[in-house]
Amino acid sequence: MAVAMASCSLGVNLGSNCSLKKPLAIPLQTGATVEGSFGFGSKSFFIVQKGRLLSSSTSTTPRASSATAVEGGKPDGSQSETDKIPIPKVIIDQDSDPNATVVEITFGDRLGALLDTMSALRNLGLNVVKANVYLDSSGKHNKFAITRADTGRKVEDPELLEAIRLTIINNLIEYHPESSSQLAMGAAFGIVPPPEQVDVDVATHISISDDGPNRSLLYVESADRPGLLVDLVKTVTDIDVAVESGEFDTEGLLAKAKFHVSYRGKPLIKPLQQVLANSLRYYLRRPMTEEGSF
C-alpha cells in the first residue's frame, strides 16, 4: 500500500464535509482551552470553535510521493476479489517508548514498507526515528517511532496526535479503497461508507481502576469518529484530571483508549471516577442526541 495524502490539508482548517480530496473534518465538543497533554508534562492548547471544527496554527498538505508508488501485497496494488477484507487497525502508543510516540498500522497482509506514510508524517513536522515490521497470525504489523522535528521529543499535543491518526487513515483509504467500508472514517471522508452505523449506546464501555499508588487506568471504548482523541482528552482534563500517558487504538469502526490518569498526583477516588465516567458517557452519546433533537 502506498500510503500518502492526496491533496488533503491538515492544519489551519480541518474543514467540514471533507472527502478524500478535501480537508479532514475534526468536530469538537466546544471551543475551549485543553489543559494537559496526551503524554507527559503539561501544556495548554486553545481550540477555536468554528461550528464544530478544529482550528490549528499550522497548515501542512502531505502529498503522495509518487503516482505509481504501491505499498500493497501485489505490484499493481490490486487485490483478489475473493480476499476477505481485514479490519484496519491504527495504534498510537505513548507508553512503550519514553522518548518517542510509537505508531502501529495493520491491515491484514496487504501493507508494504509504507514509505509514503513516513513521508506524510514528515510533512506534519515529525521525524521517523525507527521503523520495523513483524508478522503474526493477525497479519503484518508496521511500527514507527516518531518524534517532533522541532524538539526531538515524543508528540504530546492531542491535536497533532489526532492529525497523525487521520493522516494514516486517510492514506489507507486512498491506496486501499476497500478499507473505507471497514472504517468509521469512511463515512467522514472515505469512498464507500460503512454499510451500518455503530450504536453508540451499545458500543460505549468505560471502566476506571487503580493503576499503582499514584494513578488510575481509564479505559474507553466507543464508536470512532474524527476528533475523538482530542475530545476525550479535553473531557478528562475539564474536570481537572491529568492525562499522563496512554494508548489510542482505531480498530475498524471502534476506538479504544487506555489513559493513565491522576488527580493531584493520586489515583482517582470512587466519587471522582463516577463523575469522570458520567462526563465521558454524556459526551460520547451527545452527538447522536443532538442530531435527533432537531
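Author: Before any packing angles, here is how the axes work: they are lines fitted to C-alpha atoms, for helices over the stretch in contact, and angles run from 0 to 180 degrees between N-to-C directions. Helices (H or I, at least four residues) and strands (E, at least two) are DSSP runs, numbered from the N terminus. Keep in mind that this is a predicted model, where local features need pLDDT of at least 70 and side-chain atom pairs count only at pLDDT 80 or more, while totals for chains, interfaces and linings use all residues. Residues are numbered from 1 along each chain as its sequence is written, and side-chain values use heavy atoms, with hydrogens and water left out.

A quick overview, then the sheet. The protein chain has 6 helices and 10 strands. It has 294 residues, 51% of which count as buried (under 20% relative accessible area, with exposed over 50% and partly exposed in between, using a 1.4 Å probe on protein chains only). Taking the contacts (heavy atoms within 4.5 Å) with a separation of 6 or more, 66% come from residues 24 or more positions apart.

Eight is the strand count here: an open sheet of 8 strands, in the order 5-6-4-3-9-10-8-7, with antiparallel pairing. Strands pair if DSSP finds at least two bridges between them. Strand 5 (126-136) and strand 7 (205-210) sit at the edges with a single partner strand each, so one side of each has no neighbour in the sheet. Direction ignored, neighbouring strands are turned by 15° against each other on average.

Strand 7 runs antiparallel to strand 8 and is joined to it by 6 bridges, with I206 standing opposite V220 in strand 8. These two strands make a hairpin with 5 residues between them, and G212 there has a positive phi near 95°. Strand 8 (residues 216-223) is mostly covered, with 6 of its 8 residues buried. On to strand 10 (residues 254-262): strand 8 pairs with strand 10 in the antiparallel sense over 8 bridges. S216 has V261 as its bridge partner in strand 10, and Y219 stands opposite K258.

Next comes strand 9 (residues 242-251), where 7 of the 10 residues are buried, so this strand is largely enclosed by the rest of the structure. Strand 9 and strand 10 pair antiparallel over 9 bridges, with E251 opposite L254 in strand 10. They also form a hairpin with 2 residues between the strands, and G252 in the turn has a positive phi of about 65°. As for strand 3 (residues 89-93), 5 bridges join this strand to strand 9 and the two run antiparallel; V90 stands opposite T250 in strand 9.

On to the helices. Helix 1 (residues 115-122) and helix 2 pack at an angle of about 145°, with their axes 10 Å apart. On the helix 1 side the contact uses D116, T117, A120 and L121, and on the helix 2 side I164, T167, I168, N171 and Y175. By class this contact has 5 nonpolar, 3 polar and 1 charged residues, where Ala, Val, Leu, Ile, Met, Phe, Trp, Tyr, Cys and Pro count as nonpolar, Asp, Glu, Lys and Arg as charged, and the others, Gly among them, as polar. D116, T117, M118, A120 and L121 are the buried residues of helix 1, and they pack against strand 4 (101-106), strand 5, strand 6 (139-148) and helix 2.

Helix 2 (residues 158-175) has another partner: its axis and that of helix 5 (residues 228-237) come within 8 Å and cross at roughly 155°. That makes the two roughly antiparallel (over 145 degrees; under 35 is roughly parallel, 65 to 115 roughly perpendicular and the rest oblique). P158, E159, L161, E162 and R165 in helix 2 meet L228, L229, V230 and V233 in helix 5. That contact has 6 nonpolar, no polar and 3 charged residues.

G227 counts as buried because its relative accessibility is 0%. L166 is 61 residues from G227 in sequence, yet their C-alpha atoms are 8.8 Å apart in space.
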